[in-house]
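Thanks for making the time. I will go through the disulfides of this chain one at a time.

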Amino acid sequence: SNTATIVSQPVNAIVCLNGNTFFTTTASGSNLSYQWQVSTDAGISFTNIAGATSSLLNLTGVTSSMNSNQYRVIVFSCGPIGTNSNAAILSITNPANIISQPTDVIVCPNDNVSFLININGNNLTYQWQVKTIGNTSFNNIPGAINTTLNLSTVNLAQNGNQYRVIINGECTVDLTSTAATLNVNTPVTITQQPSGIAGCAGSTVNFNVAANGTSISYQWQLSVNGGAFVNLVNNNQYSGVSNNNLIVAGINTSMNGYAYRVIVTGPPCGAVISNIASLIAYPLPGVVLVAAEYNNITPSIPTSLFSTVSPVGTYTYQWFKNGALLNGANNSSYPVDVDKLGTYSVTATDANGCSVISNLIKVSDSISNQLFIYPNPNNGQFQVRYYNPGISQNRILIIYDAKGSKVYSKQYTIGGTYDRMDVILTNVQSGVYTVDLRDSMGNRLAAGSLIIQ
């Protein structure tokens, strides 16, 4: 016979993606030859496979596009008419494919936690693993062999643990998921409560809280006159409303009794409300500064500055001349003579530490053509003053006794308004003397009498 007889037909093959497989046949007849064919349209049409001319067809590195291809062989025996085998179907099995990985979770102590994986694949097995803090390798979790890993009542010691799953199955060997981290947050605890604080009107005060916890945030609140607490927002008066330190600037007496608290939140473990801290806002005292006698003075007419403070109470004082602190000047009044001309102010501080600065008072000279000698009478040691319009110049002081004899003559350089010219007369007798003041050219400016006892 010139017709081949097929003894064993090609059989369907199932193979992993990128794997190798084969189809084979056994035939009887004389001078047998073979031609394998493939159909990519479910057996409607077949085309020859070049070089596939033996009883065995090897397929290597199969691709997903080859899935459901049909393969047959034509067997020839001594003639051009061949015998077709049955068609065998090639089925490609894909390796497991992870659709969604395990994800990090944030929980609180004693919560229950689940890690899960969504995967496609055939005949899969699972083994969950854990890597604990301080370890470099993952270890199997006994009994954790499902798509979901359930952990009950987790604790802070598990914070930072990483979990993954190893998958095996058809065409899948040790497929490893990404590692998901377990974050066990520390619940919020307030370690230092905010305290009530007192301040003077116009000052800045701080309320502070100290808290422990994971990822904590703060929200300060205010209650006015016993009303409901409302959230504060940052503005010209309040800053740090979302921090552990609340700054209240420019307080005033209308804020006296305001109540503050802070909500400390540590998601997802909830929030803790602090104790209430109250604000005491002290009023500032009032102070008025006046010159008791005169604002313009001469050597013989000094003045005193007096402060009047309200309300009545106990105060401490600091005096300033031309903006500079006067050390040791701590009374409610301050005497001023021609050696202390200038602009004055005083700061009054009450028992609460609240201070206020007074108005400014300027004490100036008064022009006079009088020659000032004091003390007079004296024992031969005294001072002489005469008005000077604030320029530097030389003056000559001459002293005569009752007989007209000169007993003293000295030149002085004068710069201030009423600079003092100090005189010390020795070995002179008691009596009446004449003091004669001249300019640098010898012209008389003024004269006066002096009594030495």
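A disulfide here is a pair of cysteine sulfur atoms within 2.5 Å. By that rule there are three disulfides. Number the bonded cysteines of the protein chain in sequence order, and the pairing reads 1-3, 2-5, 4-6.

Before the individual bonds, the conventions. This is a predicted model, in which local features need pLDDT of at least 70 and side-chain atom pairs count only at pLDDT 80 or more, while totals for chains, interfaces and linings use all residues. Residues are numbered from 1 along each chain as its sequence is written, and side-chain values use heavy atoms, with hydrogens and water left out.

Start with Cys16 and Cys171. Their disulfide has an S to S distance of 2.0 Å. The angle about the S-S bond is -90°, and the link is left-handed. The two ends sit in distant parts of the chain, 155 residues apart: Cys16 is in strand 2 (residues 13-16), and Cys171 is in the loop between strand 18 (162-169) and strand 19 (172-176).

Cys16 has 31% and is partly exposed. Cys171, at 23%, is also partly exposed.

Next, Cys108 and Cys269. Their sulfur atoms are 2.0 Å apart, and they form a disulfide. The torsion about that S-S bond is about -120°, so this disulfide is left-handed. Cys108 lies in the loop between strand 12 (105-107) and strand 13 (113-116), and Cys269 in the loop between strand 29 (259-265) and strand 30 (271-273), so the bond ties together parts 161 residues apart in sequence. Cys108 has a relative accessible area of 10%, so it counts as buried.

That leaves Cys200 and Cys354, joined by a disulfide with S to S 2.0 Å. Here the torsion about the S-S bond is about -95°, so the disulfide is left-handed. Cys200 lies in strand 22 (residues 197-200) and Cys354 in the loop between strand 38 (342-349) and strand 39 (355-357), so parts 154 residues apart in sequence are tied together. Are these cysteines buried or exposed? Cys200 is buried at 13% relative accessibility, and Cys354 is buried at 0%.

One further cysteine for the record: Cys78 is partly exposed, with 37% relative accessibility.

Conventions
Helix = DSSP H or I, 4+ residues; strand = E, 2+ residues; numbered from the N terminus. Buried < 20%, exposed > 50% of the residue type's maximum accessible area, 1.4 Å probe, protein only.
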